[in-house]
Amino acid sequence: MTAAHRAMALLESWPNLVSGPPKCTVGHAFASAGHEIVHFHTADSADLHLTCAAVERLLPQLSHSSAIRVRPGASWITVLLDCDADVELLLGLVSVALKEHSDEQGEDPRLRLSPPCDWERPAELPPVPASRPGAARRMVDRLIPHGHGH
């Protein structure tokens with residue numbers, strides 16, 4: 001079982017989270033009160049919607065973890081999941097995200113809309129040249145996180 005699967009299994013038991021497909025249609029999501037909180041797009045990472053204010057406030061602490069990827073101005077962060085410590089980190093940050101989103105409940109409803117996560121499908125890869133003996137001729141449809149330094 002991967003670290004992401006362990007994290008998902010633990011989050012399934014949280015009473016304030018509902019699991020299902022994300023708005024971006026890639027992977028699996030957990031939401032609370034209409035806010036998508038965490039997306040699992042791969043077996044080795046999770047995208048977490050903390051809010052811009054929380055990311056800005058926590059940036060000094062987040063930048064000390066090699067498991068966290070943050071882009072300037074983003075409300076979503078990526079947690080790389082390699083071991084149990086990373087799962088624990090993710091669960092702690094999910095708690096922070098839930099608190100942040102519950103604090104937003106009194107604000108203007110337009111401000112409470114969850115921005116979409118930043119995953120997107122890459123441009124189609126070119127077909128393998130037919131002249132290569134034994135080369136596969138089908139296109140590869142891989143999902144790669146946008147802006148994650150690959």
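A: The largest nonpolar core has 29 residues, of which L11, V38, F40, L48, I77, L90 and V94 touch the most other members. Here a nonpolar core is a set of buried Ala, Val, Leu, Ile, Met, Phe, Trp, Tyr and Cys residues joined through side-chain atoms within 4.5 Å. Buried means under 20% relative accessible area, exposed over 50%, and partly exposed in between (1.4 Å probe, protein chains only). The model is a predicted one, in which local features need pLDDT of at least 70 and side-chain atom pairs count only at pLDDT 80 or more, while totals for chains, interfaces and linings use all residues. Residues are numbered from 1 along each chain as its sequence is written, and side-chain values use heavy atoms, with hydrogens and water left out.

At least two residues of the core are supplied by each of α1 (3-12), β3 (35-42), β4 (45-49), α2 (52-62), β6 (76-80) and α3 (84-103). These elements are DSSP runs numbered from the N terminus: helices (H or I, at least four residues) and strands (E, at least two). The largest share of the core, seven residues, comes from α3.

Helix α3 has 20 residues and reaches 29 Å from its first C-alpha to its last, close to the 28 Å expected at 1.5 Å a residue; the expected span is 1.5 Å times one less than the number of residues. Its buried residues are D86, V87, L90, L91, L93, V94, A97, L98, E100 and H101. S95 also lies in α3, but counts as partly exposed because its relative accessibility is 38%.

F40, in strand β3, counts as buried because its relative accessibility is 3%. Leaving aside neighbours within four places in sequence, F40 is in contact (heavy atoms within 4.5 Å) with A4, A7, M8, L11, V26, G27, H28, F30, S45, A46, L81 and L90. The C-alpha atoms of F40 and G27 are separated by 5.5 Å, although these residues are 13 apart along the chain.

In α2, the buried residues are A54, V55, L58 and L62. They lie on the same side of α2 because they cover an arc of only 95° around the axis, the arc being that of the directions from the helix axis to the C-beta atoms. A53 and E56 are exposed on the other side of α2. The cover over the buried residues of α2 includes β5 (68-69), β6 and α3.
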